[in-house]
Amino acid sequence: LDAVGSFTKVTTFVSLFYLFLDFGFNSILLRDNFADTEKKIGNLTLLRLVIAIALIPIISILASILPYNEIAGTRFSAIEKHAITIFAFVLVGIALQNSLQVFLQKKMIYARGVIPGFVSSVIVVIVVLYAVYTGNFFLLFAAYVLAGISQAVITYAGLRNDFNLRLSVSKIGFFSKSLFLKSWPLGLMLVFNLLYAKIDVVLL
């Protein structure tokens with residue numbers, strides 16, 4: 001039961017940062033660049049990867065200063081703080097997958113995510129079972145990192161093969177600035193709503 005509680009605290013804390021990768025980017029991109037969405041997916045992917053990579057050390061630093069009551073055994077222990085750092089790398093897979101989703105949304109081909117999602121789930125089950133068998137707590141979180149990246153890679157491989165999708169990058173600075181200026185109201189609304197719903201995880 002302690003492991004389950006720790007797992008929930010770790011994953012919930014990191015999930016607070018998921019929306020920084022979403023931030024309404026897909027909706028804005030489809031609204032303003034529907035005709036040439038494919039040409040912008042490379043820029044969107046790179047932007048999200050930069051955000052994800054920047055968030056990882058931030059999450060790790062924040063985790064290191066989270067309170068822990070050693071006597072009562074409440075809040076975040078040292079092991080849980082290390083687990084947060086490991087699980088933070090799941091943001092890389094989320095960044096990739098969220099960016100590819102914009103293509104699925106445009107083409108209305110959501111079924112293309114079934115096979116990658118299934119493979120991802122199988123990876124999670126296998127690695128988690130091994131983690132439980134070996135008693136490796138940290139491996140539980142590594143399973144989701146590996147599964148997320150695998151899902152994105154498989155999705156992209158399928159889209160590249162069937163739709164000739166290429167992740168080309170051009171004028172990334174202008175693209176990023178323009179996207180942020182258009183999406184920040186929606187993004188902040190989503191972030192504040194999430195914080196309102198889950199801030200108790202940090203406080204408790």
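Helices here are DSSP runs of H or I with at least four residues, strands are E runs of at least two, and both are numbered from the N terminus. Before you click on anything: this is a predicted model, where local features need pLDDT of at least 70, side-chain atom pairs count only at pLDDT 80 or more, and totals for chains, interfaces and linings use all residues. Residue numbers start from 1 along each chain as its sequence is written, and side-chain values use heavy atoms, with hydrogens and water left out.

**Stop 1: Ser 183**

Select Ser 183, which sits in helix H9. Ser 183 counts as buried because its relative accessibility is 0%; buried means under 20% relative accessible area, exposed over 50%, and partly exposed in between, with a 1.4 Å probe and protein chains only. Now show the backbone oxygen of Leu 179: a polar atom of the Ser 183 side chain lies 2.7 Å from that oxygen. Next, bring up the contacts (heavy atoms within 4.5 Å). Setting aside neighbours within four places in sequence, Ser 183 is in contact with Phe 23, Gly 24, Phe 25 and Ile 28.

**Stop 2**

Check the backbone: phi is near 55° at Phe 23, a positive value in a residue other than glycine. Is Phe 23 buried or exposed? Phe 23 counts as buried, because its relative accessibility is 8%.

Jump to Asn 164, in the loop between H8 and H9. Phi of Asn 164 is also positive, near 55°, and this residue is not glycine either. Asn 164 has a relative accessible area of 52%, so Asn 164 is exposed.

**Stop 3: Ile 41**

Pick Ile 41 in helix H4. With 0% relative accessibility, Ile 41 counts as buried. Which residues is Ile 41 in contact with, leaving aside neighbours within four places in sequence? They are Ser 99, Val 102, Phe 103, Leu 165 and Leu 167. For a distance check, draw a C-alpha to C-alpha line from Ile 41 to Gly 24: the two are 17 residues apart in sequence and 14 Å apart in space.

**Stop 4: the nonpolar cores**

A nonpolar core is a set of buried Ala, Val, Leu, Ile, Met, Phe, Trp, Tyr and Cys residues joined through side-chain atoms within 4.5 Å. The largest one has 51 residues, and Phe 13, Leu 21, Ile 59 and Ile 84 have the most contacts inside it. Colour by helix and you'll find that H1 (2-15), H2 (19-22), H3, H4, H5 (78-87), H6 (90-107), H8 (137-163) and H9 each supply at least two residues of this core. H6 gives the largest share, 10 residues.

Zoom in on Ile 59: not counting residues up to four places away in sequence, Ile 59 touches Phe 13, Phe 17, Ile 84, Ala 88 and Leu 91. A second, separate core has five residues, including Ile 123, Val 127, Ala 143 and Ala 147.

**Stop 5: the largest pocket**

Finish by selecting Asn 33, Lys 40, Phe 174, Phe 175 and Ser 178, which lie nearest the centre of the largest pocket among its 13 lining residues. Helices H3 (25-32), H4 (37-64) and H9 (172-203) are the elements that give two or more residues to the lining. H9 has the largest share of the lining, with five residues. On the 1 Å grid over the protein atoms alone, a pocket is an open set of points where a 1.4 Å probe fits, with protein on both sides within 12 Å along at least five of seven lines, and lining residues have an atom within 4 Å of a point.

Technical notes: A polar contact is a pair of N or O atoms within 3.5 Å; within protein, one must be able to donate a hydrogen and the other to accept it, and residues adjacent in sequence count only if both atoms are side-chain atoms.
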